[in-house]
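Try each task before you read its solution.

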Amino acid sequence: MELSGRKKQILKVVIEDYIRSAEPVSSKAIAGAMGGSVSSATIRNELADLVEMGYLEQPHTSAGRIPSPKGYRLYVNELMEQQRLSLAETERINQSLRVKMEELDRVISQAGKAVSSFVNYPAYVAAVSRKPAVTARHFELLPVDEKSCIVVMMMGDNRVKSQLLRLQLRVDPSQIPVLTGLLNRNFTGVDADEMNRRLMDVSEQITPQLFLLLSQTVAYAGDALEEAGQREIYTSGANQLLKLPEFRDADKAHELMSFLADSKENLPMPDESSPMKILIGPENVSRALRDTSVVVASYDIGDDMRGLIGVVGPTRMDYAAVAARLTGFADGLTRLFDKKHNLPPKEEPET
């Protein structure tokens, strides 16, 4: 059944008042917001209809009304006014994104912290490869002493991984460049399985000591690539939940905070075809998110990568403001990565 214009107007007033106050909205408050253009009796009748139709809920017989997930969905789809960021908000977003471009992981992690502090809700970020598999782009081996070295691997999606390797046999540090060249000629641009197949092909080209180090390096690289093929998600600001009246119940807050820490791989992601997704209450698949809403946006990183940035909050969140701010962050990150399309290597400290 199509809602009349007056019912939509009343529903919009209830939702926006509830977003501000987190308290049930009375017919008197609605009449005041509508400037006395509709009588209290008419408003009460319209509220009763909206409750019966499932757009509003009445917690107690004498209480005011609160929006239902169905009401929020209509609001987001039809009634919500698109918000524009103020100049001050735009500048604040730009300031928060002026980070030193180093490893991709560090950049998106800082972006998540900035979003959480900006919207005052928990935020999550991820980098997702559009390629079927992640491969190594470049290797460096940094000798520490005769019994250890550091392997540094830059992957095709610009993430950098490093690990200290303890060697089984002593290796002359002067031979490390030989092995580094061998790695970059034979073990870049291929997946972990192909790395293992190539390992034996090069065994006769180097000494047994170097082959042991090569085997350790390839084993580490294979594990790192396999792990990198999985979606890496960073969460920030889970403690923001404790400031919200919806999560005064310690058990309820603990359940959601545990989900954000331990089950973050189940957080919603937008489709490739849609730059933003809004999921309200029970539209979320995960049980821990059934009493929350999630807004998530995507942005372009380049090099066949896209970034995802989302916010988890109460169903009464200010959808227009959150959507506008996430769009601002997504646009800013797209410009940032476009400007720095090829991320520079990490700078060495001055000596």
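This is a predicted model: local features need pLDDT of at least 70, side-chain atom pairs count only at pLDDT 80 or more; totals for chains, interfaces and linings use all residues.

**Exercise 1.** Find how helix α1 (residues 5–21) and helix α4 (residues 69–79) are oriented where they pack.

*Solution.* Angles of 65 to 115 degrees count as roughly perpendicular, so α1 and α4 are roughly perpendicular to each other. On the α1 side, the contact residues include Leu11, Ile15 and Tyr18; on the α4 side, they include Tyr72, Leu74 and Tyr75.

**Exercise 2.** Check the length of helix α10 (residues 250–262), then work out how its buried residues are arranged.

*Solution.* Next, pick out the buried residues of α10, which are Ala253, Leu256, Phe259 and Leu260. Looking down the axis of α10, you will see them fall within an arc of 125°, so they line one face of the helix. Their cover includes β7 (232–236), β9 (292–302) and β10 (305–314). Turned away from that buried side are the exposed residues Ala250, Asp251, His254 and Asp262.

**Exercise 3.** Is Asn284 buried or exposed, and which backbone oxygens does its side chain reach?

*Solution.* First locate Asn284 in the loop between β8 (276–280) and β9. Its relative accessibility is 1%, so Asn284 counts as buried. Now look at the side chain of Asn284: one of its polar atoms lies 3.4 Å from the backbone oxygen of Leu289, and the side chain reaches the backbone oxygen of Thr292 at 3.3 Å.

Notes. Residues are numbered from 1 along each chain as its sequence is written. Side-chain values use heavy atoms; hydrogens and water are left out. Helices (H or I, at least four residues) and strands (E, at least two) are DSSP runs, numbered from the N terminus. The expected span of a helix is 1.5 Å times one less than its number of residues. Buried means under 20% relative accessible area, exposed over 50%, partly exposed in between (1.4 Å probe, protein chains only). The arc is that of the directions from the helix axis to the C-beta atoms. Contact means heavy atoms within 4.5 Å. Axes are lines fitted to C-alpha atoms, for helices over the stretch in contact, and angles run from 0 to 180 degrees between N-to-C directions. Angles under 35 degrees count as roughly parallel, over 145 as roughly antiparallel, 65 to 115 as roughly perpendicular and the rest as oblique. A polar contact is a pair of N or O atoms within 3.5 Å; within protein, one must be able to donate a hydrogen and the other to accept it, and residues adjacent in sequence count only if both atoms are side-chain atoms.
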